[in-house]
Amino acid sequence: MAFRICMVCLGNICRSPMAAAVLRHKLATAGLGDEVVVESAGTGGWHVGDGADRRARAALVARGYDDAHAARKFARAFFDDYDLVIAMDVDNLRNLRALAPDAQTRDEIRLLRSYDPAAPEGAVVEDPYYGGDDGFAEVLDQIERACDGLVAELVAELKATG
(Lines give C-alpha, C1' and ligand atoms only; values in the text may rest on other atoms or scores of the structure.)
Protein backbone atom coordinates (compact mmCIF):
# COMPACT_ATOMS: atom_id res chain seq x y z
CA MET A 1 0.00 0.00 0.00
CA ALA A 2 1.40 3.39 -1.01
CA PHE A 3 1.97 6.21 1.49
CA ARG A 4 -0.49 9.01 0.62
CA ILE A 5 0.02 12.77 0.93
CA CYS A 6 -2.38 15.65 0.27
CA MET A 7 -1.08 19.21 -0.23
CA VAL A 8 -3.68 21.84 0.69
CA CYS A 9 -4.08 25.55 -0.05
CA LEU A 10 -7.14 27.78 -0.39
CA GLY A 11 -8.45 27.37 -3.96
CA ASN A 12 -6.25 24.48 -5.17
CA ILE A 13 -5.08 26.37 -8.25
CA CYS A 14 -1.70 27.82 -7.19
CA ARG A 15 0.34 26.61 -4.24
CA SER A 16 -0.97 23.11 -3.56
CA PRO A 17 -0.88 21.91 -7.18
CA MET A 18 2.63 23.36 -7.48
CA ALA A 19 3.69 21.58 -4.29
CA ALA A 20 2.15 18.30 -5.44
CA ALA A 21 3.90 18.47 -8.83
CA VAL A 22 7.27 19.29 -7.24
CA LEU A 23 6.97 16.58 -4.61
CA ARG A 24 5.94 13.93 -7.17
CA HIS A 25 8.96 14.85 -9.30
CA LYS A 26 11.39 14.79 -6.38
CA LEU A 27 10.00 11.48 -5.11
CA ALA A 28 10.39 9.92 -8.56
CA THR A 29 13.99 11.16 -8.70
CA ALA A 30 14.60 9.61 -5.26
CA GLY A 31 13.16 6.28 -6.43
CA LEU A 32 9.97 6.59 -4.36
CA GLY A 33 7.56 7.44 -7.16
CA ASP A 34 5.73 4.13 -6.80
CA GLU A 35 5.71 4.16 -3.00
CA VAL A 36 4.17 7.60 -2.39
CA VAL A 37 1.00 9.07 -3.92
CA VAL A 38 0.79 12.87 -3.87
CA GLU A 39 -2.41 14.79 -4.53
CA SER A 40 -3.75 18.23 -3.68
CA ALA A 41 -6.96 19.98 -2.65
CA GLY A 42 -8.24 23.35 -1.49
CA THR A 43 -10.18 24.33 1.60
CA GLY A 44 -12.44 26.43 -0.64
CA GLY A 45 -14.50 25.11 -3.51
CA TRP A 46 -14.57 28.07 -5.93
CA HIS A 47 -12.31 26.46 -8.54
CA VAL A 48 -13.41 22.79 -8.42
CA GLY A 49 -12.65 21.18 -11.78
CA ASP A 50 -10.41 24.03 -12.99
CA GLY A 51 -6.80 23.61 -14.00
CA ALA A 52 -4.00 25.37 -12.17
CA ASP A 53 -3.60 29.14 -12.52
CA ARG A 54 -1.79 29.98 -15.77
CA ARG A 55 1.07 31.58 -13.83
CA ALA A 56 1.49 28.47 -11.66
CA ARG A 57 1.54 26.30 -14.79
CA ALA A 58 4.10 28.56 -16.45
CA ALA A 59 6.36 28.48 -13.37
CA LEU A 60 6.12 24.68 -13.19
CA VAL A 61 6.78 24.10 -16.89
CA ALA A 62 9.72 26.55 -16.86
CA ARG A 63 11.43 24.33 -14.28
CA GLY A 64 10.55 21.03 -15.90
CA TYR A 65 7.59 19.97 -13.75
CA ASP A 66 4.27 18.53 -14.90
CA ASP A 67 1.38 21.01 -14.84
CA ALA A 68 -1.59 18.61 -15.22
CA HIS A 69 -4.18 19.39 -12.55
CA ALA A 70 -7.90 19.57 -11.75
CA ALA A 71 -8.89 21.50 -8.61
CA ARG A 72 -10.98 19.88 -5.89
CA LYS A 73 -12.18 20.76 -2.42
CA PHE A 74 -10.78 19.02 0.66
CA ALA A 75 -13.46 17.00 2.45
CA ARG A 76 -13.45 15.66 6.01
CA ALA A 77 -13.44 12.11 4.63
CA PHE A 78 -10.03 12.81 3.03
CA PHE A 79 -8.41 12.36 6.45
CA ASP A 80 -9.15 8.63 6.09
CA ASP A 81 -7.52 8.59 2.65
CA TYR A 82 -4.19 10.27 3.46
CA ASP A 83 -1.28 9.44 5.74
CA LEU A 84 -0.10 13.05 5.73
CA VAL A 85 -1.99 16.30 5.14
CA ILE A 86 0.15 19.39 4.54
CA ALA A 87 -1.12 22.99 4.59
CA MET A 88 0.48 25.90 2.78
CA ASP A 89 -0.36 28.55 5.39
CA VAL A 90 -1.86 29.07 8.83
CA ASP A 91 -5.36 29.88 7.55
CA ASN A 92 -5.55 26.57 5.73
CA LEU A 93 -3.95 24.81 8.68
CA ARG A 94 -6.69 26.24 10.92
CA ASN A 95 -9.41 25.23 8.41
CA LEU A 96 -8.04 21.70 8.16
CA ARG A 97 -7.76 21.35 11.93
CA ALA A 98 -11.40 22.45 12.26
CA LEU A 99 -12.38 19.64 9.87
CA ALA A 100 -10.20 17.00 11.54
CA PRO A 101 -12.14 14.16 13.17
CA ASP A 102 -10.02 14.01 16.34
CA ALA A 103 -7.14 15.58 18.28
CA GLN A 104 -4.52 13.18 16.96
CA THR A 105 -5.40 14.00 13.36
CA ARG A 106 -5.39 17.74 14.15
CA ASP A 107 -1.89 17.45 15.61
CA GLU A 108 -0.53 15.58 12.59
CA ILE A 109 -1.38 18.28 10.01
CA ARG A 110 1.82 20.12 9.10
CA LEU A 111 2.85 23.32 7.36
CA LEU A 112 4.87 22.63 4.21
CA ARG A 113 7.70 24.98 5.14
CA SER A 114 8.21 23.09 8.41
CA TYR A 115 10.17 20.63 6.26
CA ASP A 116 12.64 23.34 5.19
CA PRO A 117 15.41 23.41 7.81
CA ALA A 118 16.41 26.93 6.73
CA ALA A 119 12.89 28.38 7.13
CA PRO A 120 11.99 30.12 10.39
CA GLU A 121 9.53 28.34 12.66
CA GLY A 122 5.97 28.91 11.50
CA ALA A 123 7.02 29.99 7.99
CA VAL A 124 4.30 29.67 5.37
CA VAL A 125 3.97 29.57 1.61
CA GLU A 126 2.22 32.89 0.93
CA ASP A 127 -0.54 32.99 -1.69
CA PRO A 128 0.84 34.48 -4.93
CA TYR A 129 -2.59 34.73 -6.62
CA TYR A 130 -3.03 38.51 -6.37
CA GLY A 131 0.56 39.30 -7.35
CA GLY A 132 2.66 39.02 -10.47
CA ASP A 133 4.65 36.26 -12.10
CA ASP A 134 7.62 36.85 -9.77
CA GLY A 135 5.52 35.75 -6.80
CA PHE A 136 4.99 32.36 -8.41
CA ALA A 137 8.73 31.89 -8.94
CA GLU A 138 9.37 32.80 -5.29
CA VAL A 139 6.67 30.39 -4.10
CA LEU A 140 8.17 27.67 -6.27
CA ASP A 141 11.59 28.31 -4.66
CA GLN A 142 10.03 27.86 -1.20
CA ILE A 143 8.17 24.73 -2.28
CA GLU A 144 11.29 23.16 -3.77
CA ARG A 145 13.32 23.70 -0.59
CA ALA A 146 10.54 22.34 1.62
CA CYS A 147 9.98 19.34 -0.65
CA ASP A 148 13.70 18.51 -0.47
CA GLY A 149 13.35 18.26 3.31
CA LEU A 150 10.11 16.29 3.05
CA VAL A 151 11.65 13.81 0.61
CA ALA A 152 14.63 13.31 2.92
CA GLU A 153 12.24 12.59 5.80
CA LEU A 154 10.15 10.20 3.69
CA VAL A 155 13.23 8.35 2.45
CA ALA A 156 14.36 7.81 6.06
CA GLU A 157 10.86 6.85 7.26
CA LEU A 158 10.05 4.48 4.41
CA LYS A 159 13.43 2.76 4.59
CA ALA A 160 13.01 2.30 8.37
CA THR A 161 9.55 0.73 7.97
CA GLY A 162 10.05 -1.15 4.87
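## A walk from the pocket to the core

Start by selecting Cys9, Leu10, Gly11, Asn12, Ile13, Cys14, Arg15, Trp46, His47, Asp127, Tyr129 and Tyr130: they line the largest pocket. Before going on, note that this is a predicted model, where local features need pLDDT of at least 70, side-chain atom pairs count only at pLDDT 80 or more, and totals for chains, interfaces and linings use all residues. Residues are numbered from 1 along each chain as its sequence is written, and side-chain values use heavy atoms, with hydrogens and water left out.

A pocket here is an open set of points on a 1 Å grid over the protein atoms alone, where a 1.4 Å probe fits, with protein on both sides within 12 Å along at least five of seven lines; lining residues have an atom within 4 Å of a point. This one holds about 180 Å³ of space, the volume being the space filled by probe spheres set on the points. Colour its lining by type and you get 7 nonpolar, 3 polar and 2 charged residues (Ala, Val, Leu, Ile, Met, Phe, Trp, Tyr, Cys and Pro count as nonpolar, Asp, Glu, Lys and Arg as charged, and the others, Gly among them, as polar).

Next, pick strand β3 (84-87); strands are DSSP runs of E, at least two residues, and helices are runs of H or I, at least four, numbered from the N terminus. Leu84 and Ile86 are buried on one side of β3, Val85 and Ala87 on the other (buried means under 20% relative accessible area, with a 1.4 Å probe and protein chains only). β3 runs parallel to β1, joined by 4 bridges, and Val8 stands opposite Ala87. β3 also runs parallel to β4 (residues 110-111), with 2 bridges; there, Ile86 partners Arg110.

Of its 38 residues, Met7, Met18, Leu23, Ile86, Leu112 and Ile143 touch the most other members. Helix α6 (133-161) is among the elements giving two or more residues, and α6 gives the most, with 10.

Zoom in on Leu112: leaving aside neighbours within four places in sequence, its contacts (heavy atoms within 4.5 Å) are Met7, Ala19, Ile86, Ala87, Met88, Val125, Ile143 and Ala146.

Last stop: Gln142, in helix α6. Is Gln142 buried or exposed? Gln142 counts as buried because its relative accessibility is 10%. Not counting residues up to four places away in sequence, Gln142 touches Arg113, Val124, Val125 and Glu126.

Technical notes
A nonpolar core is a set of buried Ala, Val, Leu, Ile, Met, Phe, Trp, Tyr and Cys residues joined through side-chain atoms within 4.5 Å. Buried means under 20% relative accessible area, exposed over 50%, partly exposed in between (1.4 Å probe, protein chains only). Two strands pair if DSSP finds at least two bridges between them.
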